[in-house]
Amino acid sequence: MTGKAANPDAVNSGSAEDAKEPDTHGEMAREREPLLVVKDLVQEYSTRGPGGVKTGTVHALSGVSFELYPGETLGIVGETGSGKSTLARAVIQVEEPVSGTVEFRGKQMNGMSRKDLRAVRAEMQMVYQDPFGSLNPRWKVSDVISEPMLGHTDMSKQQRQERVEKLLEIVGLDPSIYCNRRPIELSGGQAQRVAIARAVALEPALIICDEAISSLDVLIQAQVLNLFEELRQEIGLAYLFIAHDLATVKQISDSVAVMHLGQLAEIGPAEAIYDAPRHPYTRALLDSIPILDVETGEAKRPVPLKGDPPSPLDPPSGCRFRTRCPLAEDICAEVEPIPTEVGDGSSRPHKVACHFPLEPGQMLPNRPARPAAAAATV
Amino acid sequence: MGQNQSRLENAPILTVENLRVVFSKHGREVQAVNGLNYQLSSGRTLAIIGESGSGKSVGVRSLMGLLPPSAKVTGSVRLNGRELVGLSEKALMSVRGKEIAMIFQDPAASLNPTMNVGSQIMEAIRLHNPMKKREAEVKAIELLKLVRLPSPETRIRQYPHQLSGGMRQRIVIAIALASDPKVLIADEATTALDVTTQAQIMELLVDIQERLGTAVIMISHDIGLAANYAHDVMVMYAGKVVEHANTKSLFSNVQMPYTKALLGAVPQLTTIPHSRLTVIGGHPPDLSNLPTGCPFAPRCPRATNVCTAEEPPLERQNDQHSYACWHPVGGQPLEAAGTADVLKVDAQDGACSESSTSTQERAVFASSLDERAKR
């Protein structure tokens, strides 16, 4: 599989082999080579005042590390400005990171020649939030989907057209209707399906979804989420799934990384992160979600976290969450916590960057939940 | 309509009867809202949920006369006994922003980037209540304290770009509260915010409602949010109310298959990773060419001949719960549709695949799109 990117002809015939690959779940994944290894990624931007004078540095990413295995999904959650999108852009080398490394299939991507980078990018594709913003309005759907094949393979026009039709079927759109449509003639869900078909066109091993379903309606969201899940099972795709909706991320992820102000607060198996979070920030995020149990109709009101997120221009010393953390003590301002394995017996690593990690099931102190509106007054 | 008692405890300040909005476009008539009926009392929150295009926003914007000239509004909207439909633009000016205020989704777009936030709040204060600049500034600072913006005396001189999204939304709320409105409409007011900020803003709105007794209409696509903060919930589909009930009653005893489908499609914090979501195929109907019968029938797994022939009225109800459906699900899962009284859906009715897994189901789904394309 490793040589696939270098050999464009393999793209066409690769699907049958990939489909036969066993589901790479659970312990099996441990024995395999990681698809993506990100180490100590740092990304900084300068802010400039009048006359281009440097006025400050935005610490967008500060030492982010994780591994992603083939056929697995890593969900990335965090508030606005936590560096989720910067991370995606640094992984795909749209912007070269200040320091740190990104390895894809064992090959280091920073400092790669443009030609090599092109070959690697054929194997990692992105799906963005606004499908209409990422589709050229003047192009037909078939042109949109066949463009990556034009750039990365030497398929004939006939071959490309056949592949476009196959891809449209995969994403659940009838080729005879949609091939000649233009983006304006599509609904939001259909346009996002076209964007996904384009991303899958070169049979990538990794798809990076940057808020890919956030702008869609609930019912369409469910369809697209199911489609992602089918593609993962059928062609063994791995995903880096960035979203701000924690429930959606749990639905699709094997592991979840919680980002806070450019750092990983916690990373671990999805169930552990949601059922027994160790970082106070993860707990606070989960507590902020208005919950409805669809089985019983019980609602649980969120407990808000006090204070605003600090500015990435001037992050707090030590732990960057300490200004909002109910458990913070003096040491949190002095020493920056490093991600440490908590060892809860799972096959996937579970790391927490906190001086006072929560015990499984422990709640944050002094945070009484208010009852839901209907229960309170009726 | 014998709505529930709790809603009649205090006299409603807002009564909407048979509200219809029709847009005329290129000789076609788009029926965006088809007969809304509801009442709202002080201190209560009504949530309106539904897909985009279901008429949620158009329905509330028509209350304030915020629709383009191509819209024709009929029916009756009474605010404290005063009829709002058919008011002149000038008369509406005294209602809009004063009696009914609105908060929109994007706080950055609601604020003027070239004016400091203090001037924007003072403008809103002095528009409905002429007073000296200095007095208005004192009132503005009071409002900023009400919305719990830290250090209001310095913030008042700042511009929107200097504030975070949550702070901007607090400013927008302060402007909305400037003339002490009776009804506050929050149209996806927290959708653009982080969950942490959303929780803060919702808590603030609850607090303000308790203190000032404001009635709130909350439009949201987030069902969890509606379930937590609303007293009553109204589910809209194709411009019609398909289910309207007390929040507790609605979510513990869902009747309308569409509401059930909405709930099944939302990922829950309790779901196991990689589990499938329940999906219904098809699309909302074309509002310029509504089918006869129930608008949801073409997508509904429980639909029968009666559903396509006759429209179910929003009448069958108990005290707290009304719904428009011939075959209510009665709190049961949607899949349990194979009971004796429910026939299989005709192929012509369109696709009703629970999920689009198999290629066969996909083909059905695609053919329903095909039909839509031909129309």
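Student: How do H5(B) and H8(B) lie relative to each other, roughly parallel or roughly antiparallel?
Tutor: Good place to start: this is a predicted model, where local features need pLDDT of at least 70, side-chain atom pairs count only at pLDDT 80 or more, and totals for chains, interfaces and linings use all residues. Residues are numbered from 1 along each chain as its sequence is written, while chains are lettered from A and ligands numbered from 1 in the order in which they are written. Helix H5 (residues 117–128) of chain B and H8(B) pack at about 20°, with their axes 8 Å apart (axes are lines fitted to C-alpha atoms, for helices over the stretch in contact, and angles run from 0 to 180 degrees between N-to-C directions; helices, H or I of at least four residues, and strands, E of at least two, are DSSP runs numbered from the N terminus). Angles under 35 degrees count as roughly parallel, over 145 as roughly antiparallel, 65 to 115 as roughly perpendicular and the rest as oblique, so H5(B) and H8(B) are roughly parallel.

Student: How many nonpolar residues does the contact of H5(B) with H8(B) have?
Tutor: Residues are in contact if their C-beta atoms, placed from the backbone, lie within 7 Å; Val117(B), Gln120(B), Ile121(B) and Ala124(B) in H5(B) meet Ile171(B), Ala174(B) and Ile175(B) in H8(B). Ala, Val, Leu, Ile, Met, Phe, Trp, Tyr, Cys and Pro count as nonpolar, Asp, Glu, Lys and Arg as charged, and the others, Gly among them, as polar. By class, this contact has no charged residues, 1 polar and, for nonpolar, 6.

Student: Which strands stand at the edges of the open sheet in chain B?
Tutor: The sheet has 7 strands in the order E6-E7-E8-E3-E9-E10-E11, with mixed pairing (two strands pair if DSSP finds at least two bridges between them). Two of these strands each have a single partner, so one side of each is left without a neighbour in the sheet: E6 (100–103) and E11 (321–323) of chain B.

Student: Which strands of that sheet does H8(B) touch?
Tutor: Neighbouring strands here are turned by 15° against each other on average, direction ignored. Helix H8 (residues 165–176) of chain B packs on this sheet, its direction making about 170° with that of E6(B). The strands it touches are E6 and E7 (183–187) of chain B.

Student: How many charged residues are on the side of chain B that touches chain A?
Tutor: The contact takes 54 residues from chain B and 50 from chain A. Elements giving two or more residues to the chain B side include H8, H9 (195–212) and H14 (359–374) of chain B. By class, that side has 23 nonpolar and 24 polar residues, and the charged ones number 7.

Student: Over in chain A, how many residues of strand E7 are buried?
Tutor: E7 (residues 206–210) of chain A pairs with E6 (residues 124–127) of chain A in the parallel sense over 4 bridges, and 5 bridges join E7(A) to E8 (residues 238–242) of chain A, also running parallel. A residue is buried if 20 or more other C-beta atoms lie within 10 Å of its own, exposed if 12 or fewer, and partly exposed in between, with C-beta atoms placed from the backbone. E7(A) is mostly covered, and of its 5 residues the number buried is 4.

Student: Is Asn129(B) exposed or partly exposed, and why?
Tutor: Asn129(B) lies in the loop between H5 and H6 (133–146) of chain B. Because it has 14 C-beta neighbours inside 10 Å, Asn129(B) counts as partly exposed.

Terms used. Contact = placed C-beta atoms within 7 Å.
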